[in-house]
Amino acid sequence: MMEKGYRLLNCNLWLDGANMQGVISEITPPKLTAKTEELYAGGMSAPIELQMGLEALELSFSLNDMNVTVLENFGLYQSNEGLKVKITGGLRKDNNANDVKPFEINATGTVSEIDMGTLKPGELGSMSVTMKLDYYKLSIDKNVKVEIDPINMIQVINGQDQLKNMRNALGL
């Protein structure tokens, strides 16, 4: 477990291998949400929530340009991989410039929404992009903290594959 005091100081995005340094203005990583269902059965004094998996994963980001890669990939699912996104960042402890840990997100998915905002001469344009993900991995200091691969039924949280026994039961 990571000690308290680390904060994301800066970040960058790579889109299909292209560096978006100086172009990326905002990134919203996927929200991790457990999908639950309420169970209230005989002999129980109150309902409980049963975990039924996860909600769909979504990633969004804004660019300060008209990105051709985004436009070319709108709604397309490329082979079995989807559009690749890599987000890197530096986590720094307090004000200690010597204590920086790398932060990395790798994801693939489909561009589901493009919003080019208002286009005005003499003003910096922008492009807001939303992607529906089919793969997500978060690493801190090169240690995988979260890896979710719904297609292959993999859900690793802090090094523990939570779906390994279910895959084995299904013969996968």
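Which residue forms a salt bridge with Asp 161? In this predicted model, the partner is Arg 167, and the closest N and O atoms of the two are 2.6 Å apart.

## Salt bridges

The count of salt bridges comes to 3. Arg 167 has a relative accessibility of 15%, so it counts as buried, the cut-off being under 20%.

Glu 58 forms a salt bridge with Lys 132, and here the closest N and O atoms are 2.5 Å apart. This pair links distant parts of the chain: Glu 58 belongs to strand 6 and Lys 132 to strand 9, 74 residues apart. Glu 58 is partly exposed at 37% relative accessible area, and Lys 132 is also partly exposed, at 42%.

Asp 141 pairs with Lys 101 in a salt bridge whose closest N and O atoms are 3.5 Å apart. Because Asp 141 sits in the loop between strand 9 and strand 10 while Lys 101 is in strand 8, the pair ties together parts that are 40 residues apart in sequence. Asp 141 is partly exposed, with a relative accessible area of 34%, whereas Lys 101, at 18%, counts as buried.

## The nonpolar core

Now for the inside of the protein. The largest nonpolar core has 29 residues, and those with the most contacts inside it are Leu 13, Leu 15, Leu 59, Phe 61, Val 70, Met 131 and Tyr 136. Several strands supply at least two residues each, among them strand 1 (6-15), strand 3 (24-28), strand 7 (83-93) and strand 8 (100-115). Strand 9 gives the most, with 7 residues.

Tyr 136 is worth a look in your viewer. Leaving aside neighbours within four places in sequence, Tyr 136 is in contact with Pro 30, Leu 32, Leu 57, Ile 105, Asn 106, Ala 107, Val 146, Glu 147 and Ile 148.

## A buried asparagine

Where does Asn 67 lie? You will find Asn 67 in the loop between strand 6 (58-63) and helix 1 (68-72). Asn 67 is buried, with a relative accessible area of 6%.

The side chain of Asn 67 reaches the backbone nitrogen of Val 70 at 3.0 Å. Not counting residues up to four places away in sequence, Asn 67 touches Leu 15, Met 20 and Met 127.

Terms used
Residues are numbered from 1 along each chain as its sequence is written. This is a predicted model: local features need pLDDT of at least 70, side-chain atom pairs count only at pLDDT 80 or more; totals for chains, interfaces and linings use all residues. Side-chain values use heavy atoms; hydrogens and water are left out. Helices (H or I, at least four residues) and strands (E, at least two) are DSSP runs, numbered from the N terminus. Buried means under 20% relative accessible area, exposed over 50%, partly exposed in between (1.4 Å probe, protein chains only). A polar contact is a pair of N or O atoms within 3.5 Å; within protein, one must be able to donate a hydrogen and the other to accept it, and residues adjacent in sequence count only if both atoms are side-chain atoms. Contact means heavy atoms within 4.5 Å. A nonpolar core is a set of buried Ala, Val, Leu, Ile, Met, Phe, Trp, Tyr and Cys residues joined through side-chain atoms within 4.5 Å. A salt bridge is a side-chain nitrogen of Lys or Arg within 4 Å of a carboxyl oxygen of Asp or Glu.
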